[in-house]
Amino acid sequence: MTFAIKVENLSKQYGEHPAVKDISFTVEQGTLFAFLGENGAGKTTTIEILCTLVRKSSGKVTINGFTLDASNDNADIRKSIGVVFQQSLLDERLTVRENILHRGKTYGLSKTQLAENYQFVSTYLHLDDIENQKYGILSGGQKRRADIARALIHRPNILFLDEPTTGLDPQTRQFVWQTIKQLQHETNMTVFLTTHYMEEAAVAHQVIVLKQGKIVAQGTPDALKTKYAYDSMALVFHNPIEGIKWLEENTISYAERQGIYTIRLTSTLQALTFLKKAEPLIASFEVIKGSMDDVFLHIMAEERSRNGSLN
Amino acid sequence: MVALISLVQRNNKVFRRDKTQVFFSLLSVIIVIVLYAVFLQKMQIDAIERITKATPELITMVNEWLVAGLLSMIAVSTTLGAYGIAVKDQESKAQADFLTAPLSRATIQLSYVLNAFIIGCIFSFIALIGCEIFIVATGGKLLSIGDFVQVLGILLLSVLLASVFNLFLSLFVSTQNAFSTLGTIVGTVLGFLCGVYVPLGALPGFAQNLIMYFPISHTTLLLRNAFMDSSIGDVFNGVPASYVEDYKINYGIVYDLHGKILSTSTSLIIIVCTIVILALASIILFKRKYK
């Protein structure tokens with residue numbers, strides 16, 4: 001197993017304020033890795049440290065086999081990573097092509113290599129319809145395409161994306177997301193991203209949940225779901241009084257809201273058993289799969305109560 | 001090197017395509033032209049008519065006086081405008097994007113300085129051509145080859161001085177708001193400090209001294225000398241030397257500092273020393289800013 005990123009005991013202080021507290025994790029080569037967390041959890045700080053933009057306070061970071069801050073300019077690391085920022089940072093008055101080529105030239109590629117790479121990103125991100133337009137007049141989604149193309153112009157091994165889909169319309173979000181997944185899949189590139197959309201984290205290979213600068217949960221989405229989320233069934237009874245009686249006779253705990261009774265399931269199949277037994281009583285039902293939203297909300301609630309008991 | 005050139009090219013395109021930015025960097029020059037058309041030219045001609053008779057050469061000489069002041073101001077205002085990109089990049093975090101590429105902060109900063117120098121040279125050269133057309137169109141003569149080369153040399157030096165001067169100033173600001181305030185202050189003060197908005201002799205003594213100690217005004221001085229050299233002889237033919245001296249002092253063609261006339265080489269030394277000192281100060285400031 002080769003690691004694209006290895007982080008050991010990373011900490012970052014801004015004056016008195018700790019932004020990242022002693023976190024460790026590894027990202028396997030060729031995987032999609034998601035960093036989840038509320039605003040201010042330390043996601044952006046972590047990504048900025050990994051992208052060589054902010055100096056860490058302590059800890060050890062290895063990226064593509066190079067140790068971070070071993071040299072003053074981290075040139076080896078910079079050549080092997082691409083970064084897509086939250087904001088759009090290309091020049092408004094330059095065309096998409098000019099933007100990408102000007103920045104591409106800062107990587108020390110040969111002319112032919114650069115032209116080849118441009119061809120690649122242009123095809124991959126469908127730039128042909130926008131490459132000669134000024135960046136400033138593009139729509140949010142078109143800008144994102146150009147941003148990703150710029151981050152890939154030197155064909156990096158790792159692509160960092162800091163909340164790449166925040167503020168985009170649903171259709172564009174989907175396009176961006178599909179492009180990222182396809183890219184990761186077809187080029188076997190390592191993708192490291194931060195997001196606060198749970199459904200996006202669900203397709204990652206590995207997820208880390210960050211809260212107040214600390215890792216509070218990590219694992220595959222499935223593992224996290226098993227641990228923190230559960231399937232449930234919502235029931236509506238013909239006669240609620242009889243329904244409650246049945247639930248209590250079978251010692252099934254439930255929650256009621258506006259005549260809808262929600263019960264917890266150990267698996268979705270368990271719903272069948274219940275439905276068979278109580279069929280005459282039930283007017284309608286819905287089986288709800290546990291989602292990443294549940295995972296996130298549970299972790300956050302758990303942390304809150306843990307902190308509460310400490311205080 | 002390829003990276004640096006690419007950055008400079010990028011800065012250059014970003015500046016040139018921002019038409020408002022270009023306009024505002026030329027604003028103080030436009031003000032000079034308006035002031036000149038409204039009263040500066042007439043005032044000067046009236047004053048000289050009292051000592052000698054008005055000839056077409058006189059108008060040419062006064063026009064040359066304007067042109068020299070204008071060219072020295074263009075060098076400063078355009079180079080300052082060019083540093084607007086540096087401030088914008090810093091505020092918009094575009095610099096962060098450059099820093100994810102294998103570039104050092106120093107390379108990025110150097111690209112802004114080189115761009116400012118190139119922009120200053122381009123605009124100064126275009127302005128010089130425009131000024132020559134203006135002088136010939138109003139009945140004057142073209143500069144001789146020797147004078148033209150001399151003017152080019154002074155312009156190059158003044159653009160270099162302006163690039164370093166504005167680099168130093170721009171290192172103190174990190175927001176676009178602060179930068180536009182800086183632009184307004186420099187644009188206004190410069191016209192006075194180079195003795196372009198108002199002739200030197202019309203100012204009180206302490207202000208005259210201030211101007212003479214202000215290094216950029218020495219580029220104005222050198223340019224006036226180069227442009228007016230031959231026409232002064234023509235205009236003041238047969239006029240007592242003391243009158244000519246008075247005119248030269250009042251209109252900032254020679255500096256009389258504490259009773260001593262400054263030589264051309266003194267001005268050159270002041271300019272070169274200022275370039276070196278400001279360059280060193282900027283490097284120190286830059287290192288402290290990004291420690």
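Trainee: How many residues does helix 6 of chain B have, and what span is expected for helix 6 at 1.5 Å a residue?

Mentor: Helix 6 (residues 105–137) of chain B has 33 residues. A helix here is a DSSP run of H or I with at least four residues, a strand is a run of E with at least two, and both are numbered from the N terminus. The expected span is 1.5 Å times one less than the number of residues. Helix 6 of chain B reaches 48 Å from its first C-alpha to its last, close to the 48 Å expected. After helix 6 of chain B comes Gly139(B), with a positive phi near 95 degrees.

Mentor: Please note that this is a predicted model, in which local features need pLDDT of at least 70 and side-chain atom pairs count only at pLDDT 80 or more, while totals for chains, interfaces and linings use all residues. Residues are numbered from 1 along each chain as its sequence is written, and chains are lettered from A and ligands numbered from 1 in the order in which they are written.

Trainee: Why are helix 7 and helix 10 of chain B called roughly antiparallel?

Mentor: Helix 7 (residues 145–170) and helix 10 (residues 215–235) of chain B pack at about 170 degrees, with axes 10 Å apart. Axes are lines fitted to C-alpha atoms, for helices over the stretch in contact, and angles run from 0 to 180 degrees between N-to-C directions. Angles under 35 degrees count as roughly parallel, over 145 as roughly antiparallel, 65 to 115 as roughly perpendicular and the rest as oblique. The two helices of chain B are therefore roughly antiparallel.

Trainee: What makes a set of residues a nonpolar core?

Mentor: Such a core is a set of buried Ala, Val, Leu, Ile, Met, Phe, Trp, Tyr and Cys residues joined through C-beta atoms within 7 Å. Buried means that 20 or more other C-beta atoms lie within 10 Å of the residue's own, with C-beta atoms placed from the backbone. The largest core has 138 residues, and Phe160(A), Leu70(B) and Leu71(B) have the most contacts inside it. Helix 4 (residues 56–92) of chain B gives the largest share, 18 residues. A second, separate core of eight residues includes Tyr107(A) and Ile108(B).

Trainee: Which residues does Phe160(A) touch?

Mentor: Leaving aside residues up to four places away in sequence, Phe160(A) touches several residues, including Ile47(A), Val83(A) and Phe192(A). Two residues are in contact if their C-beta atoms, placed from the backbone, lie within 7 Å.

Trainee: How many residues does each chain give to the contact between chain A and chain B?

Mentor: Chain A gives 22 residues and chain B gives 22 residues.

Key. A residue is buried if 20 or more other C-beta atoms lie within 10 Å of its own, exposed if 12 or fewer, and partly exposed in between; C-beta atoms are placed from the backbone.
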